Amino acid sequence: MFNTYEGLKQWRKDTIRSVADDHFQLNAFHDQLMYQTVTIAMDKIEREQGNPPAPFAFFVMGSAGRFEQSVWSDQDHGIVFDGNENVQHYFLNLGEEVSRGLAVVGYEWCEGQVMASNPMWCRSTVSFQAQNSDWLDEASWQSLRNFSILFDSRVLYGKEELLERVKHEAFSRLEKHPSLYARLVDNFEFIKKGVGVFGQLLPDQRQGMKGDIHLKETAYFPYVNALRILALRSGTTAAPTISRFEALKDTYPFIVEYEKDFRHLLDFRLRFRQGAENYEKVHLLPIDHLSKEEKLELKYLIKRGKQLFAKSKSIVRKELKL
Amino acid sequence: MDATFLMNNLWIVVCTVLVLLMQGGFILLEAGSTRMKNAGHIAGKTVFTVGIVSLVFWAVGYGLIYGEGNAFIGFSNFFYGDATTMGEGLAGSVDFMFQLAFAAIAMTIAFGGFAERAKLIGYVIFAILFSIVIYPVIAHWIWGGGWLGEHGKQDFAGSTVVHLTGAAAALAATMILKPRIGKYNKDGSSNEIAGHNQVFTALGVLLLWVGWFGFNAGSTFGVEDAFFGYVALNTQLAAGAGAIGAMLMVWAVTGKADVPTTLNGALAGLVAITASCAFVEPWAAVIIGLVGGAFVFFSMRFFDKRKIDDPIFALSVHGTVGIWGTLSNGLFATPELATVGRPGLFYGGGFEQLGVQLLGVVACGLYAFIVSWIILKVMDKAMGGLRVTEEEEIMGLDISEHGGYGYPENLTRPESKSGA
């Protein structure tokens with residue numbers, strides 16, 4: 001047990017290398033770190049403000065929600081509570097404390113403010129459900145992005161059932177308005193090009209990334225986005241992409257052959273990025289560090305991700321008769 | 001060699017350069033009227049599609065317009081390379097270059113309907129097809145000895161051939177592409193997506209205005225009698241009247257002298273007088289310009305209300321006003337100046353010329369719209385969408401299609417956040 005964030009930071013520093021080449025060990029370790037951080041934060045808030053005024057759940061989103069963090073990750077989390085809005089300030093304080101703690105332990109602040117310290121991501125179940133409805137009604141690019149962020153979530157601490165309730169409410173709304181599935185597909189249609197017309201890898205041109213392949217945008221997102229759309233379509237609440245592969249293989253048998261590619265991609269990422277020095281660098285893969293075989297491997301994984309997304313898209317459209 | 005021959009050819013080469021320079025006007029106009037994140041794209045695609053049009057026009061376009069053929073299409077002189085000269089009129093290559101510059105203008109107008117949301121590859125394919133199956137057909141009908149020219153249709157410099165054709169294609173494009181993200185609200189009301197630089201837009205208009213002297217006055221094809229001066233005079237009056245007409249109208253209706261509308265008014269005056277600049281008297285040029293300027297304001301509102309998102313107002317400036325300009329011949333063409341066709345209604349010519357003009361507008365507008373629609377629909381299906389993805393539209397075409405911003409210091413690329 002750890003009593004301070006600094007203690008956790010040290011534990012992270014001492015341990016992360018030993019788990020960095022195994023996807024499951026690494027993510028289980030991240031979960032432990034984040035869980036311990038929340039526990040410390042919870043103790044502090046309880047000491048200062050008393051017991052929680054309502055049942056609640058602290059959940060993680062983004063790559064943490066999907067159990068897909070690399071060695072470095074930023075913070076994406078929220079709190080859902082089962083009470084009325086006048087208890088929100090307690091949980092906002094908790095959210096702020098957790099965010100502060102996670103920053104000390106080694107998780108960067110989320111630039112997009114997807115943190116439980118932000119009232120947008122710290123709400124009652126009823127309020128989250130209403131917000132989901134607003135997002136889906138609005139159906140703009142940003143509102144659907146927010147909805148998808150919330151959907152890739154997993155409870156780390158507290159009552160799982162609260163988040164489940166929020167997700168199930170969203171499913172029934174989607175079922176009533178099936179055209180929203182098509183809008184969600186549109187929302188993720190953009191795939192950063194990774195392979196050029198001559199079959200060459202296309203490195204990033206952005207400043208600070210020149211000569212690097214942005215693994216997350218180029219290779220990884222198509223798999224994640226494809227499985228998210230299928231999970232929404234079939235009412236599957238699990239957030240990790242691998243769990244989604246498992247849960248959806250009977251409904252969508254075509255995905256089975258892509259699961260090994262995705263697992264391979266997760267390993268590929270760790271193989272090259274375990275030495276990355278920060279969050280910004282963790283997604284960047286310098287092309288000239290790759291051997292010829294590794295380049296071929298990467299191109300194949302990129303191609304398969306694009307294929308998976310295209311197939312998922314066409315299946316959803318066919319189901320909706322678009 | 002005959003001095004008049006040389007001067008004629010020199011004049012037309014000068015005009016060719018002026019018309020080509022109008023592309024610079026379009027770059028500034030279109031970039032200024034749209035958002036910063038698409039500015040580099042607009043500049044680059046304009047230059048690049050002029051390149052495509054040039055090659056296609058050389059390979060087949062010129063031959064389809066002016067080659068030996070029938071009332072509907074020409075069919076010879078492909079891969080143009082005639083170095084001989086007749087010693088009179090224009091050298092073939094001079095005429096070719098002048099015509100090429102016009103074809104490129106029609107293309108750029110059509111691409112106004114693509115603004116801020118079409119895939120770059122869509123520009124490439126449509127530039128090729130437009131330059132083969134749309135523009136040359138209409139140009140042949142009116143200028144290449146086709147059935148509308150035989151009918152006596154008056155379109156001196158191309159209100160129909162260039163402007164209406166381009167605008168009809170832009171209309172098909174903007175309808176198929178659908179409005180830009182954020183243009184219309186759920187309740188149907190529209191939002192103004194302001195252009196990022198009115199000064200650019202104004203400079204674009206001025207560059208077009210100057211280039212238009214090549215366009216209109218150059219359409220005399222020679223210097224005899226210095227008639228080009230008269231054409232230039234009418235052009236100048238109509239452009240000025242257009243700016244005034246549009247500004248007065250927008251001010252009268254909204255209480256504010258909106259700058260983009262005023263600038264579009266000047267262009268409207270130019271488009272309107274393009275068909276009639278050699279056939280009407282100066283007072284008529286003023287009326288034609290004023291009405292064009294007023295029309296452009298109402299036309300902009302008309303399309304906006306119908307949820308047809310026309311980012312740079314190509315439909316109104318070149319389409320609505322292109323129609324008005326063509327029809328205005330049927331009203332104002334004088335007996336002395338109507339070297340083609342008949343005088344207009346106000347000069348005792350009755351409705352005959354107006355009817356001919358109307359037929360031309362309907363036939364050309366419909367042809368350009370329908371063929372563009374079919375081509376773009378097929379492209380839309382075959383390419384998995386003519387439009388970029390929402391994410392690319394939001395980040396801007398500079399970065400999504402070209403990998404760098406037109407204003408790199410002012411914009412930073414948004415990180416793609418898929419799942420937080």
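## Close-up views of a predicted two-chain model

View 1. An unreviewed UniProt entry gives residues 26-139 of chain A the feature "domain: Protein-PII uridylyltransferase N-terminal".

**View 2. The two domains of chain A.** Chain A is divided into domain 1, residues 5-177, and domain 2, residues 186-319. Their C-alpha centres lie 24 Å apart. Domain 1 of chain A brings 26 residues to the contact, and domain 2 of chain A brings 19 residues. On the side of domain 1 that touches domain 2, the elements giving two or more residues are helix 2 (23-49), helix 6 (141-151) and helix 7 (160-176) of chain A. Helix 6 of chain A gives the most to this side, with five residues. By class, this side of domain 1 of chain A holds 10 nonpolar, six polar and 10 charged residues.

**View 3. Helix 3 and helix 6 of chain B.** Helix 3 (residues 92-111) and helix 6 (residues 159-177) of chain B have axes that come within 7 Å and cross at roughly 30°. Angles under 35 degrees count as roughly parallel, and helix 3 of chain B and helix 6 of chain B are therefore roughly parallel to each other. Their crossing is right-handed. Helix 3 of chain B contributes Phe102(B), Ile105(B), Ala106(B), Ile109(B) and Ala110(B) to the contact, while the residues from helix 6 of chain B include Val162(B), His163(B), Gly166(B) and Ala173(B). The contact has 10 nonpolar, three polar and no charged residues.

**View 4. Helix 11 and helix 12 of chain B.** Helix 11 (residues 314-332) and helix 12 (residues 352-382) of chain B pack at an angle of about 160°, and their axes are 7 Å apart. That angle makes helix 11 of chain B roughly antiparallel to helix 12 of chain B. The crossing of helix 11 and helix 12 of chain B is right-handed. From helix 11 of chain B, Ile323(B), Thr326(B), Leu327(B), Asn329(B), Gly330(B) and Leu331(B) meet Gln353(B), Leu354(B), Gln357(B), Leu358(B), Gly360(B) and Val361(B) of helix 12 of chain B. Six of the residues in this contact are nonpolar, six are polar and none is charged.

**View 5. The contact of chain B with chain A.** Here 14 residues come from chain B and 22 residues from chain A. The side of chain B that touches chain A has three nonpolar, six polar and five charged residues.

Notes:
Residues are numbered from 1 along each chain as its sequence is written. Chains are lettered from A and ligands numbered from 1 in the order in which they are written. This is a predicted model: local features need pLDDT of at least 70, side-chain atom pairs count only at pLDDT 80 or more; totals for chains, interfaces and linings use all residues. Axes are lines fitted to C-alpha atoms, for helices over the stretch in contact, and angles run from 0 to 180 degrees between N-to-C directions. Helices (H or I, at least four residues) and strands (E, at least two) are DSSP runs, numbered from the N terminus. Angles under 35 degrees count as roughly parallel, over 145 as roughly antiparallel, 65 to 115 as roughly perpendicular and the rest as oblique. A crossing is left-handed if the near helix is turned anticlockwise from the far one by less than a right angle, and right-handed if clockwise. Two residues are in contact if their C-beta atoms, placed from the backbone, lie within 7 Å. Ala, Val, Leu, Ile, Met, Phe, Trp, Tyr, Cys and Pro count as nonpolar, Asp, Glu, Lys and Arg as charged, and the others, Gly among them, as polar. Domain bounds come from an automatic or database domain assignment. UniProt positions are given in the numbering used here, feature names are shortened, and annotations may be inferred rather than shown by experiment.
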